[in-house]
Amino acid sequence: MTTDCIFCKIVRGELPSQTLYQDELVTAFRDIHPVAPTHILVIPNAHSSSVTEMGDADGDTLGRIVAVANQLAKQEGILESGFRLLVNAGPDAGQVVFHTHFHLIGGRGLGPMIAR
Ligand code: AMP
């Protein structure tokens, strides 16, 4: 945990958030600026700046992130219609919050993955 990271503060309950799920490994909450009817962030509770810092040693956490994302997709009614689970890493991807997070996005047609 870091003291000034906004997502660490959400994990600790020090910043308001629409938290949908939390356990000992991960936290999921609604994105403050949703790009689709469902836009949820699923994050590891332990601080890492980017997914590039995660790997084999984080298998339990990464597996839990996928399981929680699937469960939330089901709850949101988008398991069958489809969704994206994506990570932005670094400047070219437009990462702006430097605590690893997975975006769960769906509830409308999302178009091509990357604008050409
Ligand atoms: P990224 O570009 O992948 O770093 O995306 C960061 C995401 O965090 C953006 O979609 C923001 O809208 C979202 N965000 C930033 N601050 C908050 C917050 N306090 N609560 C919820 N979502 C946030």
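Gln95 is found in the loop between β4 (83-86) and β5 (102-106), where helices (H or I, at least four residues) and strands (E, at least two) are DSSP runs numbered from the N terminus. The structure is a predicted model, in which local features need pLDDT of at least 70 and side-chain atom pairs count only at pLDDT 80 or more, while totals for chains, interfaces and linings use all residues. Residues are numbered from 1 along each chain as its sequence is written, and side-chain values use heavy atoms, with hydrogens and water left out.

With a relative accessibility of 8%, Gln95 counts as buried; the term denotes a relative accessible area under 20%, whereas exposed denotes over 50% and partly exposed the range in between (1.4 Å probe, protein chains only). The side chain of Gln95 has a polar atom 2.9 Å from the backbone nitrogen of Gly90. A polar atom of the Gln95 side chain also lies 3.0 Å from the backbone oxygen of Val97. For such polar contacts, the criterion is a pair of N or O atoms within 3.5 Å; within protein, one atom must be able to donate a hydrogen and the other to accept it, and residues adjacent in sequence count only if both atoms are side-chain atoms.

An aromatic pair was assigned when the centres of two rings of Phe, Tyr or Trp (its six-membered ring) lie within 6.5 Å; planes under 30 degrees apart count as stacked, over 60 as edge-to-face and the rest as tilted. This rule gives a count of one aromatic pair. The pair is formed by Phe7 and Phe29 and is classed as edge-to-face because the ring centres are 5.2 Å apart and the planes stand at 75 degrees. Distant parts of the chain are linked by this pair, with Phe7 in helix α1 and Phe29 in strand β2, 22 residues apart. Both Phe7 and Phe29 are buried.

The largest pocket has a volume of about 360 Å³. Pockets were located on a 1 Å grid over the protein atoms alone, as open sets of points where a 1.4 Å probe fits, with protein on both sides within 12 Å along at least five of seven lines; lining residues have an atom within 4 Å of a point. Grid points are joined across faces, edges and corners, and the volume is the space filled by probe spheres set on the points. The largest pocket is lined by 20 residues, of which Phe7, Phe29, Asp31, Ile32 and Leu41 are the closest to its centre. At least two lining residues are supplied by each of α1 (6-11) and β2 (26-30), and α1 gives the most, with three. By class, the lining has 11 nonpolar, seven polar and two charged residues. In this scheme Ala, Val, Leu, Ile, Met, Phe, Trp, Tyr, Cys and Pro count as nonpolar, Asp, Glu, Lys and Arg as charged, and the others, Gly among them, as polar.

A disulfide is a covalent bond between the sulfur atoms of two cysteines. With a disulfide taken as a pair of cysteine sulfur atoms within 2.5 Å, the count comes to zero.

Pro37, in the loop between β2 and β3, is exposed at 58% relative accessibility. His39 lies in strand β3 and is buried, with a relative accessible area of 5%. From His39 to Gly59, 20 residues along the chain, the C-alpha separation is 24 Å.

The loop between β3 (38-44) and α2 (59-76) holds Ala46, which is exposed at 52% relative accessible area. The C-alpha atom of Ala46 is 25 Å from that of Phe83, a residue 37 positions away along the chain. Asp58 also lies in the loop between β3 and α2 and is partly exposed, at 23%. Asp58 and Pro44, 14 residues apart in sequence, have C-alpha atoms 9.5 Å apart.
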